[in-house]
Amino acid sequence: MGFEPKIIAFCCNWCSYAAADLAGTSRIQYPHNVRIIRVMCSGMVHPELVLDALSHGADGVMVIGCHLGECHYQDGNHKALARSDMITELLDDMGYENERYSISWVSSSEPDRLARAFTNMTERIRKMGPVDLQNPAGQ
Amino acid sequence: MAVRAVLEWLNSCSGCEIAILNIGEALIPLVSEHLDIVHAPILMDHKCLGQCGEGSEIEIPEADIGIVSGGVANTEHLEVLLAMREKCRLLIALGTCATHGGIPALMNGQGLGEGIKGVFATSGTDPCSVPDVGVPAALDRVYACDEKVRIDLFLPGCPPNPALIAEVLTAVAQGRDPVQPGKSVCDTCQVLREGKGAVSKVRRFLVNADYNAEEPVQRMRCLLEQGFMCMGPVTAAGCAAAGLPPSCIRVGVPCRGCFGPVRRDGNQMLDMMNALASNGIDFKSVVDRRSLLRFSGAHGLLRQIRTRPVRERG
Amino acid sequence: MILESRKIGSVMVVGGGVTGIQAALDLADAGYFVYLIEKSGAIGGAMAQLDKTFPTNDCAMCIIAPKLVECGRNLNIRIMTLSELAGISGTAGNFTVTVKEQPRFVDLDKCISCGLCAEKCPKNVPDAYNAGTGRRKAIFLKYPQAVPLKYQIDAESCLQLKRPGSCGLCETVCDAAAINFADTEKTHTLSVGALVLAPGFEPFDPEPAGIWGFGKFPNVITSLQLERYLSATGPTEGNLARPSDGKPVRRIAFLQCVGSRDENKCGKGYCSSICCMAAIKGASVAKEHVPGLAAAIFYMDMRTHGKGFDQYYEKAKNELGVRFVRCRVHGVEPQGKNGDLRLRYINEQGRQVEEYYDMVVLSVGLGTPANMLDMADLVGIQMTPSNFAATSDFSPVATSKEGVFTCGTFAGPKDIPQSVIEGSAAAAAVAGFLAPARGEMVRKLSWPQEREVRGEPARTGIFICHCGSNIAGLIDVVAVERYAATLAGVVHVQRNIFACSEDTQQVLINAIREKGLNRIVIAACTPRTHEYLFRATLRAAGLNEYMVEIANIRNHTSWVHPGNPQAATAKACDLVRMAVAKIALSVPLAPITVPIIQKGLVIGGGLAGLTAALSLAEQGFTVHLVEKTNRLGGNSLNLKHTYTGEHVPMKVAKLIDRVLVNEHIILHSETVVSGVEGHVGNFKTTLKNANGRSRTVEHGIGIVATGGKIYAPDEYGYKTIQRVVTSLEFDKLHDLKETHVKRGKSFVFIQCVGSRDEERMYCSKVCCTHSVQSAIELKREDSSRNVYILYRDMRTYGERESLYKKARQMGVVFINYELHGKPRVTSNGKSIDVELWDHVLHRPLLIKADMVILAAAIVANRDAENLARLYKIPLEQNGFFQEAHAKLRPVDCTTDGMFVAGIAHYPKPVDESVAQALAASARAATILSRQEVTLDAIKAIVDPAFCDGCGLCIDVCPYHAITLLEKAAKGAQAVKIVVVNEAQCKGCGLCQGTCPKRGVSIAGFTLDQLRDQVRAALQA
């Protein structure tokens, strides 16, 4: 069997987690490589968790929040976005390809969009191959 | 009964050793009552390879406490460190180089080859590679001590705080747990704080902070809130003498992060950048963010950046 | 008093749409038991069918779903689906109501909505939820987020019910044995103190009259059908394709006023109020879905009078490129055989134009169907000529029958925010009426003493649900069970056919008690629907309710990986391991209670403030009423008649009297707010009066009703020409029979003076109706007068349209002008010349006027800024107070415990100000009716061992819940630390995501818990 990526997805309770529930109810299929971590808001995810996941064997990390302007907590997803830009740049500093991280927005009634995000990420990481923990950037 | 202690220095500038001396008068009862220093290259004639480096085996006497300063940059450092670990019941890493790589670990940001080329090879010198004949061979990068051996106590600082060194040594000699600060520089910083939300960019410290030197520092606004890159929130406390504000901030200078991260496995760059981004401060206004790891570039945090081969995007 | 005590503390709300839901929630939270009866199989109403909502383009389902769930879980709301009102007797305060409940044929307690039945059901029928655009089975779930989330059988289509023995497949496949073909109609007799009628509307059906070929041409659809086509959960999953041939839509047209403002073809004279915005939204969203889509809206007047609506309109026009054509189309015909449609109309230049479209959307209006009229008859309430419930502008939610209230579109066409406002307003009116019986019928649960488990090593129990075959059919649950037993700290593993069933709860309770379990992992479905159930079970077992974690091995596993049992089983093991890792770090959390000062503060003594204060007082709460001036009444003192003709001065005088004599109201006149401290339940506001004296009052909630003021025009010679006046000035002159008015023969009203321009891109909402009323009055006095109204769009929305019609019948001349061609007003000292371009005659026009009346805008009060700062409630760009959510929280502020009503929120007429004031009172009463509120324990907790008061988190908190505290600790040096106000914290965790040192974390979602969960996911 080929490389099966391990992907951690931080899903906001109010949107993407609910969309994942609805994907189930609607029997929409997506790759089994994603493990969902339920958080109350995408803005709750400390960048440390992203790095920690990558350094403990995750091949990709996703943060999925509510569409901008639709945050359950006013502007938590904007904070997540600001951090995300930062994480993307820092991943390079830390020696990881920044494509291993993604942020996206999915509302609770968009199970298709969520499934697509999961599928795209899995395919992207599958092409990239696993993180080389000794030498993450392939130096 | 005094406990036997040995000191060694690895990739060290001897600032840590000076800090020990800076314990001042309190050092006298410490060495005369509590400690029996049996090996200390900076103080005594006996070195680990004989008095003039003529020995071939590392000789470090058995001891209850070992204090090691400096990080691990070459094979000799590594051998000495391994010997220290073997001979000492309790091994203390003294100073930020030993605990987090310190300034020498800045080298990790460009890699050994690049470092040699950029620092030692100038237009007037012959081309050279990393020397390994007649000198100990360099390691691939600069390591903190705990990356190579188990360390029992960490005493960061560049330089470390003499009062804290005294406390740790006394405590260990008395067989109790030492009292060490566990929070960030902000814990002892008494400046005015309201929140960071009003700052949009951080500046380098090229102009003076807004404060009146005649007034106590308690009247000064938090330097980060003044828009300066102050690393206080992500840096371990310990630089201040008891009851005093942090050393740099006391004189209106932002914290540079010399005590390393607050949590031992923390990442000063990531935490600081996150703190800025979360507060709506433009993180791109940090001119050289990798310099936030200037004291803690070991543990694989500061890495060489190479252009990656272009990969097919999925 | 004897009569009073006979009132019953329960209420029936008829209609489970968003309006009824709001009324039910507010009543239940204010101490009344609610029967919420809904005709269909699930609550949600029309809003649940919408794709997006204007003007924020929020996903409709995403914002209504939490309300549905809240309603479903509320202990004091009994949802009765498939039910209708069948009879009513008794008197106000003590009605006996009979309700007929149609059989569902599915046992609500047993159905787990796995969907197997519908999958197997052979009978396929058009789906009403999808407005006929899609199909469903004879056994069906109304929609995926339905509450109750239960299937139902449609008796008219079910083969088995029509001919027993012919099918019954659903019964065979149902693992939960939920199908009951023997179910029958039931009749319930209920005693209630009051009724709230909120049955909603029915969209106009264009088919019988064959409007624009609807029903004949497949590509002519209704606006509701467009919603379903655009919805991700609709029949085309959001793809905009032509129903005729599935070809992508490239050109789309919206035809306005179908079933509105049209007595000839549709028999409806009123304006439906919402269709203009709905069409703009439809066009905007469709353009988002289909890049390059050409969208055109054909309209008479663009009625975007609500808050933020004009900006939305301008954006669609100028940024998104939606084309707006002011005309009535006079033909929609097929072009060729492939489904193209040809539109014919006369454009503004007077030319006949033909255009071709792929899809034509009819913006259908709202109306009251026959069955609701029958219900109105049954209950015995009066209806308006347009067939909406008749109400007074000063009590917009009271019907003609005492004890019967109404709200939403049943009481007149209106949008969602106004419906929600009325839902709350009806709750306030009921609560005022039933005040003596508050709290008499509500239910409370009691729990056994909690066992202290802190300090115990983990003793985790794992329960793996088969969910019939939904999980066990794919996942090897025995393997998961075996694996789970090997995990650290796990002392008990058990499988259940249905973890959520009633009898399994007892199994759980016994296991917890007998095995001394202190942590529970349920491997089943989603925590979003089932966490509350298992929390209740833990409480019943004497274990802290937060010691449970759910591994979602159904929705996130078995249902999404059907072809791969191995991977699904492996993933289930991972999810269980992750849950065990997370729960290992859980600690018991104590519920947080905040004491409430059961007093209110109302700022502003105008119509809204007076109404809100009186409503709270009549509910029995003490109210401080603060008025800046020495006179109560505010702007309403300038008004004479409401649009329905009610006499404002008389009604306002009465209202002021009732406020002045009410012993619960403490009036602070000539007083302003100068300082504020505290938070919901415990505000301390400092008031300063004209003498400069200050006093502090304590209150649990605050209502801001500071109104607005009239714009002072610079334009149209207002400052230089004597007989150019504002509408309010004209009213006074008119009232005083001033000579120029009395003798005047030519009057020109100019609309939108200071409104809808670059500086103030909003509609002042009241001016069109006001000018039309004045024009009618002028004509009534002397029909030979020439009265002109120069307008941009006549916005006599809702039933106000009848005034517009009347004015035209009386000969008032309406002339349209555009923003770029404003009228010019000049004077030679004698008469006034008004020049403008006539769009119908296509030539310049000169009107000699005796008087020019400017419909000047309503603008925000300047002192709003001060209040906004003090109470931390934001203002929008025009200076009006920003509500917490434009759609579903239209009177709440973002600061908990603060509410807004009246013009302080946005310009609005009397009836809407009163409704919003009542709504604010209802929302406030949900807080004031308790001595303390219990909050969810998922909140930020500061760890003093790590927090050093660096202050990074302070400005990150969206709720201003974090403050820096300096406390003198051991030794001389002060210790800095942040403190979280639990009442303000909502548990979002932005602070946790910021803190570099674990100084603050969210209980139940700590960084360490998330980290361990992640690491557990990556093991093995």
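The legends below accompany several close-up views of this predicted model. Residues are numbered from 1 along each chain as its sequence is written, while chains are lettered from A and ligands numbered from 1 in the order in which they are written. Because the model is predicted, local features need pLDDT of at least 70 and side-chain atom pairs count only at pLDDT 80 or more, whereas totals for chains, interfaces and linings use all residues.

View 1. Let us start with β39(C), residues 746-753, where 7 of the 8 residues are buried (buried: 20 or more other C-beta atoms within 10 Å of the residue's own; exposed: 12 or fewer; partly exposed: in between; C-beta atoms are placed from the backbone). Helices (H or I, at least four residues) and strands (E, at least two) are DSSP runs, numbered from the N terminus. β39(C) pairs in the parallel sense with β40(C), residues 786-791, over 5 bridges; two strands pair if DSSP finds at least two bridges between them. Look for Val748(C), whose bridge partner in β40(C) is Tyr788(C). Strand β45(C), residues 851-856, is also a parallel partner of β39(C), over 5 bridges, and here Ile750(C) has Leu854(C) as its bridge partner.

**View 2. A right-handed β-α-β unit in chain C.** The unit is made by β39(C), helix α21(C) (residues 767-781) and β40(C). Right-handed means that, with the strands pointing away from the viewer, the path from the first strand over the helix to the second runs clockwise.

**View 3. An open sheet of 5 strands in chain C.** Follow the order β15-β22-β16-β17-β18, with parallel pairing. At the edges are β15(C) (220-222) and β18(C) (323-326), each of which pairs on one side only. Neighbouring strands are turned by 25° against each other on average, direction ignored; axes are lines fitted to C-alpha atoms, for helices over the stretch in contact, and angles run from 0 to 180 degrees between N-to-C directions. Helix α7(C), residues 223-230, lies across β15(C) and β22(C), running at about 120° to β22(C).

**View 4. Where chain C touches chain A.** The contact takes 46 residues from chain C and 45 residues from chain A, with two residues in contact if their C-beta atoms, placed from the backbone, lie within 7 Å. On the side of chain C, the elements that give two or more residues include α3 (60-73), α16 (565-584) and α26 (1007-1018). The largest share, 8 residues, comes from α26(C).

**View 5. Two cis peptide bonds in chain C.** Phe54(C) and Pro55(C) are joined by a cis bond with omega about -5°, and Pro55(C) sits in the loop between β3(C) (52-53) and β4(C). The bond from Val147(C) to Pro148(C) is likewise cis, with omega near -5°; Pro148(C) belongs to the loop between β10(C) (139-140) and β11(C) (152-153).

**View 6. Two histidines with positive phi.** His299(B) has a phi of about 60° although it is not a glycine, and is placed in the segment after α8(B) (268-278). This histidine, His299(B), is buried, with 21 other C-beta atoms within 10 Å. In chain C, His960(C) has a positive phi of about 50° and is found in the loop between β49(C) (940-942) and β50(C) (962-968). His960(C) counts as partly exposed because it has 15 C-beta neighbours inside 10 Å.
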